[in-house]
Amino acid sequence: MSAGAPVTPLAVDDRISDLVTPLSDFVVSIVFYSVPVFGTELPLIVAWLVCAAVFFTGYLGFQNIRGFKHALDLVRGRYSDPDDHGEVSHFQALATAVSGTVGLGNIAGVAVAISLGGPGATFWMIAAGFLGMSTKMAECTLGVKYRHEHADGTVSGGPMYYLRDGIARLGRPRLGKFLAAFFAVCCIGGAIGAGNMFQSNQATAQIINVTGGEDSPVGDLRFVIGLLFAIAVGLVIIGGIKSIAKVTEKIVPFMAVLYVTACLIVIFGNAGAVPTAFGEIVSGAFSPDGIAGGFVGVLIVGFQRAAFSNEAGIGSASIAHSAVRTKEPATEGFVALLEPFIDTIVICTMTALTIVITGAWNDPDAGDLDGVNLTSRAFESVLPWFPNVLAIAVVLFAFSTMISWSYYGMKATGYLFGDNATAELAFKFVFCTFTVIGAAMSLDPVIGFSDSMLFAMSIANLIGLYLLARVLKAEVVGYLGRVRTGEFARVK
Amino acid sequence: MSVVLVGVDGSDPSRRAMLFACERAQQLGFELLVVHVIHWSPYSFNTPAENERRHSQKQLEIKAAQEQVVDPAIALVDEAGVPVEGLVRHGHPVDVILDLARERDAEYIVVGRTGDSRMRQAVFGSTPGHLVQLAPVPVTVVP
């Protein structure tokens, strides 16, 4: 920056946007290559995820319904060996993975879906969440099965390892290595995009919104807010200041409960409108008004936002779930199927009902509101003070998601560079830089880039899941057999 | 041989509990089972990095507890000639001690008074308090 030409903060924001937008557009055009279907554009990547979710739901024999109670029993520790006390429990692995996925996708993503696809998008989000439970089960079972235990007792797991080692055992080591590397590269991009830029962008938007919107004193200082986020994230992931992460991990579940409670207050406060809202959600799903592509158009929007929110098929959660201590990899698969249930079927539905019931999505200026602001408007109409709480929740959700994703990105970097500490540190610095860039940009290019990198992870991950489907099925069937015969028995 | 279970935490009351239990064990020809429980809940919230290191962390915690709490407690009664076994477990202290008492068929349980404030005890209760209420065998609380 030259001393002679003072640059206003606003210009800095615009410059960052101008620089990154063309790159973002290019990546989007590749990952979201679309084909025309029934008068609308179907991004092939969305079809790719839906097909996998449908396939694994059938192939695993509807474990998302039949295994649901068993999953709850596992989380409650009914099958936990007392010798494993002090290790990572099923509950902890699930909670960690959920805190990585529950976040802005549930608040902003749902609003984006409804503003693009109307209330009917909610229906398809729920359907996608239901089917996604099976994909999540598949990837987390394999994540534990092929994880690596290092000499110092730490563990690394996730798609990188099952793609490389699992496919190598099928006699295709080169293919496995290629897919694993492809996944790891996309995972770094996904961590920087969806797990970081999108989060800091929306958290910043919400801070500006509650401090006065366009007249906000910090309205022109987006990159400064981003810088503060970057410092906080940096203190945790580079500085190793555990106390910040600890505090966040304690507050986030509390915020989640608070958020759901607020949704319930809005929903019960308008109990009379609930049947109508459900009616709009169902009718909008099959015969929407004024949505390009009709029901297919809504379906695409719903599935896309659900996948962005619960990450089923993306492979990220498999990295978090792999830390659990269990002799039976399938147990973690069962536990993991609860994740899309909590994330999409419970929390996203709450947000959607709140937006639909209050009619916020139908306001004349709703199209101008992006992401979180629409959700915030919905709450404001019933609980005028709630946008402030929502802003705090958004900031904390965003922060915990950034911490989780920085870890996923770091593991992917570690995989690519053979656990090289310098490479991992370099990744952390790059991550923090993009926290600032994400905050300074406008939503559209950020969401485009975030989605692209995140969805690209599913290309390698799902090829791997298909190739390893038999291994997976043998693992699950064998496990269910051991549960039936009592070899793997309840301890309480 | 019958077992006396002693819960230790490195505090002064727990040292006195150890000596008290040793004296009884010597008189009655019992064996001592010295247990330290590291407070751990399966329902806490961790970061992914903490989960990754959890297994090695557990080993470090056990080693530290063994060296700093259990071994010194056993050393206290070294010369008494009573057979002693030391254990470190993770979990909720009350649950672990009760489970062990049942598992090892303990004759009775000895613990030190924890010395928590009244406020703390009123809100959370104390380990000895819960043991007295729930144990299947007599519990001696040493001040």
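Mentor: A residue is buried if 20 or more other C-beta atoms, placed from the backbone, lie within 10 Å of its own; it is exposed if 12 or fewer do, and partly exposed in between. The model is predicted, so local features are reported at pLDDT of at least 70 and side-chain atom pairs at 80 or more, while totals for chains, interfaces and linings use all residues. Residues are numbered from 1 along each chain as its sequence is written, and chains are lettered from A and ligands numbered from 1 in the order in which they are written.

Trainee: What makes H6(A) largely enclosed by the rest of the structure?

Mentor: Of the 14 residues of H6(A), 13 are buried, and the helix is therefore largely enclosed. Helices here are DSSP runs of H or I with at least four residues, strands are runs of E with at least two, and both are numbered from the N terminus. H6(A) covers residues 104–117 and is followed by Gly118(A), whose phi is positive, near 75°.

Trainee: How do you know that the span of H6(A) is close to the one expected?

Mentor: The expected span is 1.5 Å times one less than the number of residues. For the 14 residues of H6(A) the expectation is 20 Å, and the first and last C-alpha atoms are 18 Å apart.

Trainee: Why is the span of H19(A) said to agree with expectation?

Mentor: The 20 residues of H19(A), 421–440, should span 28 Å, and the end C-alpha atoms are 30 Å apart, which agrees. Among the buried residues of H19(A) are Phe427(A), Lys428(A), Phe431(A) and Ala440(A).

Trainee: Is Glu311(A) buried or exposed, and why?

Mentor: Glu311(A) has 31 other C-beta atoms within 10 Å; it is therefore buried. Glu311(A) also has a positive phi, near 60°, in a residue other than glycine, and it lies in the loop between helices H13 (294–310) and H14 (316–321) of chain A.

Trainee: Why do Pro36(A) and Leu44(A) count as exposed?

Mentor: Pro36(A) has 9 C-beta neighbours inside 10 Å and is therefore exposed. Leu44(A) has 12, so it is exposed as well. Pro36(A) belongs to strand E1 (34–37) of chain A, whereas Leu44(A) is in helix H2.

Trainee: What makes Leu44(A) a contact partner of other residues?

Mentor: Two residues are in contact if their C-beta atoms, placed from the backbone, lie within 7 Å. Beyond its neighbours within four places in sequence, Leu44(A) is in contact with Tyr33(A), Ser34(A) and Val35(A).

Trainee: What makes H7(A) roughly antiparallel to H16(A)?

Mentor: Axes are lines fitted to C-alpha atoms, for helices over the stretch in contact, and angles between N-to-C directions run from 0 to 180 degrees. Angles under 35 degrees count as roughly parallel, over 145 as roughly antiparallel, 65 to 115 as roughly perpendicular and the rest as oblique. The axes of H7(A), residues 120–145, and H16(A), residues 338–358, come within 8 Å and cross at roughly 170°. That crossing makes the pair roughly antiparallel.

Trainee: How do the residues of that contact divide by class?

Mentor: Ala, Val, Leu, Ile, Met, Phe, Trp, Tyr, Cys and Pro count as nonpolar, Asp, Glu, Lys and Arg as charged, and the others, Gly among them, as polar. The contact of H7(A) with H16(A) has ten nonpolar, five polar and two charged residues.

Trainee: Which element gives the most to the side of chain A that touches chain B?

Mentor: In total, 27 residues of chain A are in contact with 21 of chain B. H5(A) gives the most to that side of chain A, with six residues. By class, the side has eleven nonpolar, eleven polar and five charged residues.
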